[in-house]
Amino acid sequence: MSAGGGTKAIIAALAANAGIAVAKFAGFLVTGSSSMLAESVHSLADTSNQGLLLLGQKKSQREATRIHPFGYGRERYFYSFVVALMLFTLGSVFALYEGIHKITEPSELESPIVAVVILVVAIGLESYSFYTAIGESKKIKGKVTWWQFIRQSKEPELPVVLLEDAGALVGLVLALLGVGLSTITGDPVWDGIGTAMIGVLLGIIAIILIVEMKSLLIGEGVNDKMLATITDELAAGKVERVIHIRTQYLGPDELLIAAKLALVPGLDTGQVATAIDDAEARVRAKVPVSALIYLEPDLDRSAK
């Protein structure tokens, strides 16, 4: 469900951003507004980013190979990390440069009403994309806050689209304010200030995404609640205690579990094998994303 929901949100964002990018760039050519130019580049970057997210989903579905025995699930994390870098370089850095240039060398806007109309339409389209991303995220968010969802989610696409769309909406409002204040006051510096603020906003969002995607790319384990569930399921039947356990997400829907188990004394080889199989089955029933489970029977030396 998460992969399908992520794809739907990505496609909605791709369609919206592609149309918005064309409209904004046309508005820049008419008005000469740096805010419009910054937003054009922002939307172009977002459109490219959606394409990268779709590419990452496609590549992650490849079968495991001898060179990559655990599969390609982390492709989704890699491409989401690239998206964060692009948002920073193409979005934030460009907007800051353009904003500072417009502040130091202001120039009058032409036909500002055109920019206003385009920005209002863009807000409507971006709101649709944001609404779609929120709807798909709610299906897997649970009871956690939106910030916790962004920080804890193992599905990278939805947090990326959510933050991109939220940043785009705020950026559009800032561009609208920049153009509006420049028109009302007759001072084009406001357009540059709005552009610089867009750059700061995109930089903050990009840094948040870079930090989160880097963590997923390196490898994250399950949260405390799921770890307790896995441990409880292992420590049942012929298993006396979980000596130690390690978990890591190989991809959003692929979890690796490795554990050493202390079994009840006196089991023969067949009973040991059955106990291990039963423990694995219990975990898979409770945690379906458990793609690979490696369980090793061992002596509980702490009991001596």
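Trainee: Why is Glu233 said to have no salt bridge?

Mentor: Glu233 is buried, and its nearest side chain of opposite charge, Lys286, is 4.5 Å away. Buried means under 20% relative accessible area, exposed over 50%, partly exposed in between (1.4 Å probe, protein chains only).

Trainee: What should I know about the model?

Mentor: This is a predicted model: local features need pLDDT of at least 70, side-chain atom pairs pLDDT 80 or more, while totals for chains, interfaces and linings use all residues. Residues are numbered from 1 along each chain as its sequence is written, and side-chain values use heavy atoms, without hydrogens and water.

Trainee: What makes Phe78 and Tyr79 an edge-to-face pair?

Mentor: Rings of Phe, Tyr and Trp (its six-membered ring) pair if their centres lie within 6.5 Å; planes under 30 degrees apart are stacked, over 60 edge-to-face, the rest tilted. Here the centres are 5.2 Å apart and the planes at 80 degrees, so the pair is edge-to-face.

Trainee: How do you know that Tyr79 is buried?

Mentor: Tyr79 has a relative accessible area of 13%, so it falls under the 20% limit. Phe78, at 39%, counts as partly exposed.

Trainee: What makes Lys141 lie over the face of Trp146?

Mentor: A charge sits over a ring if NZ of Lys or CZ of Arg is within 6 Å of the ring centre and within 35 degrees of the ring normal. Lys141 is at 4.9 Å from the ring centre of Trp146, and lies over its face.

Note on methods:
Lys, Arg positive; Asp, Glu negative; His and termini not counted. Salt bridge = Lys/Arg side-chain N within 4 Å of Asp/Glu carboxyl O.
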